[in-house]
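Reader: I am new to this structure and would like to know what stands behind the terms used for it. Please show it to me before I ask.

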Amino acid sequence: MALPPPDPQFVLRGTGAAVHTLHFSCGNQEPDVPILFSGSENGFVHVWNLKTHRVDAALDGHGRKSVYCVETMGDKDRLLSQGRDQRICLWDLAEGRTAVTDSVFTEHVGFCRCSLLKVAQGRWLMAMAAKALEEVQVLELPSKTSVCTLKPEVGAKLGMPMCLKLWQLNCGSQPLLLAGYEDGSVVLWNLSTGKALSQLVCHQEPVMSLDFDSEKAKGISGSSEKVLSIWSLNEQQNLQVYKTHKLVNAGISGITIRPDKKILATAGWDHRIRIFGWKKMKPLAVLDYHTATVHCVSFSDHKNPGERLLAAGSKDHRISIWSIYTQT
């Protein structure tokens with residue numbers, strides 16, 4: 001008999017609004033407390049203390065417009081947040097500060113999350129949907145210098161970029177960008193030439209979320225349909241459909257592969273979190289706690305595998321925290 005799915009280890013309440021994005025910072029040594037950042041529809045970023053299960057700070061930098069992306073830059077004191085006010089804010093949280101040190105005006109009206117990639121000590125690339133509907137702009141941070149603008153060829157009809165993932169094979173290699181578009185395509189971009197290397201239609205509907213495993217050169221994407229698309233990248237950097245996985249209910253808001261590449265989690269419009277084995281897409285668990293759409297899922301970056309957590313944020317204003325498949 002399969003074991004019944006567990007209950008959440010604990011639940012964080014108090015955002016006062018739908019939760020759209022989550023990001024852990026747990027890799028630091030004691031006495032640093034493990035932290036979870038959440039971004040919600042009321043424009044706040046909450047800094048959760050995972051020892052006390054309470055909010056340590058509430059950051060208000062987006063004019064009460066929904067926050068849909070939160071990332072750390074190197075450590076938990078340097079934070080990036082993106083909101084529907086068309087702004088990306090950089091925060092300094094050291095020594096109890098809650099100051100926006102810089103911001104980027106994206107002029108993008110959609111809700112495409114930006115993507116960050118560390119390219120050197122203190123230097124980052126950031127990809128974001130641009131003002132022009134089909135374009136993606138790549139900047140270097142903290143200098144904010146433009147690296148490139150990625151424009152589809154005339155007549156490509158990809159629509160708006162919906163989700164982005166910057167990656168590189170290893171530290172010195174060429175940074176590349178995977179972008180999911182409104183027409184259901186996933187496109188691989190070369191940042192140094194600004195040209196598309198490969199394009200693959202993965203869905204009939206807009207790509208809502210994607211993640212990519214650069215070690216296995218294999219990715220996964222979801223949309224409003226009842227299907228997950230798994231695709232691979234061959235040595236010639238061509239995207240190919242690897243397989244598709246039928247879902248019970250339609251609609252995926254978020255997908256994330258755990259850092260150890262063993263399992264992945266999906267956030268469902270059906271209020272459920274689904275866990276799969278990444279190797280063969282074997283369904284492992286359905287976590288049924290939320291009472292509304294699950295908007296986002298995130299795995300923690302604990303150094304010790306036994307401490308690893310999964311967080312899910314929902315339209316029901318709650319964040320559920322789970323401890324599952326922690327044995328490697």
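Reader: How do you know whether Cys 112 is buried or exposed?

Author: Buried means under 20% relative accessible area, exposed over 50%, and partly exposed in between (1.4 Å probe, protein chains only). Cys 112 has a relative accessible area of 2%, so Cys 112 is buried. This is a predicted model: local features need pLDDT of at least 70, side-chain atom pairs count only at pLDDT 80 or more, and totals for chains, interfaces and linings use all residues. Residues are numbered from 1 along each chain as its sequence is written, and side-chain values use heavy atoms, with hydrogens and water left out.

Reader: What makes Cys 163 buried or exposed?

Author: Its relative accessible area is 8%, so Cys 163 is buried.

Reader: Why do β14 and β17 stand at the edges?

Author: The open sheet has four strands in the order β14-β15-β16-β17, with antiparallel pairing. Strands are DSSP runs (E, at least two residues), numbered from the N terminus, and two strands pair if DSSP finds at least two bridges between them. β14 (161-167) and β17 (195-201) each have a single partner strand, so one side of each is left without a neighbour in the sheet.

Reader: How do you know that β16 and β17 pair?

Author: Strand β16 (residues 185-190) is joined to β17 by six bridges, in the antiparallel sense. Pairing asks for at least two. Within this pair, Leu 188 stands opposite Ser 198 in β17.

Reader: Which residues does UniProt place under "repeat: WD"?

Author: The unreviewed UniProt entry places this feature at residues 176-199, 200-241 and 287-328. UniProt positions are in the numbering used here, feature names are shortened, and annotations may be inferred rather than shown by experiment. Over residues 176-199 the chain is 71% strand and 0% helix. Residues 200-241 are 52% strand and 0% helix; a helix is a DSSP run (H or I) of at least four residues.
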